[in-house]
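Thank you for making time this morning.

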Amino acid sequence: MDQNLLTSLIPFILIFVVFYFLLIRPQQKRQKERNAMLQALKRGDQVVTIGGLHGSIVDITEEQVTLKVAEGTKLVFERGAINAVNSQE
């Protein structure tokens with residue numbers, strides 16, 4: 001009876017292993033990279049927000065980032081709203 005139980009569970013175990021390596025693990029890696037990018041932000045970095053705005057960081061705190069998007073125009077965003085760093089000066 002134990003042999004039947006084991007053979008019926010093997011496909012479910014294999015499916016879980018495949019899901020882990022194809023979906024869960026890569027997502028965790030991307031999340032770690034994103035958190036590292038957000039922690040490494042500094043003044044002068046050229047960034048793009050999740051809304052597509054391009055700007056340069058002029059002030060940064062633990063929770064907020066102030067971007068200069070044009071001459072005389074500064075916008076305040078949550079740190080998590082930064083999508084990518086274009087280049088670092």
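Predicted model: local features only at pLDDT ≥ 70, side-chain atom pairs only at ≥ 80, totals over all residues.

Residues are numbered from 1 along each chain as its sequence is written, and side-chain values use heavy atoms, with hydrogens and water left out.

Helix α1 covers residues 2–39 and contains L6, where helices are DSSP runs of H or I with at least four residues and strands are runs of E with at least two, numbered from the N terminus. From L6 to A36 there are 30 residues in sequence and 42 Å in space, C-alpha to C-alpha. L6 counts as partly exposed because its relative accessibility is 47%, which falls between buried, under 20% relative accessible area, and exposed, over 50%, with a 1.4 Å probe and protein chains only.

Turning to the rings, the structure holds one aromatic pair. That pair is Y20 with F21, edge-to-face, at 5.2 Å centre to centre and 85° between the planes; rings of Phe, Tyr and Trp (its six-membered ring) pair if their centres lie within 6.5 Å, and planes under 30 degrees apart are stacked, over 60 edge-to-face, the rest tilted. Y20 is partly exposed at 31%, and F21 is partly exposed at 48%.

Finally, strands β1 (residues 46–49) and β2 (residues 54–60) pair in the antiparallel sense over three bridges, pairing requiring at least two bridges found by DSSP. V47 has G55 in β2 as its bridge partner, and in this hairpin, with four residues between the strands, G52 takes a positive phi near 95°.
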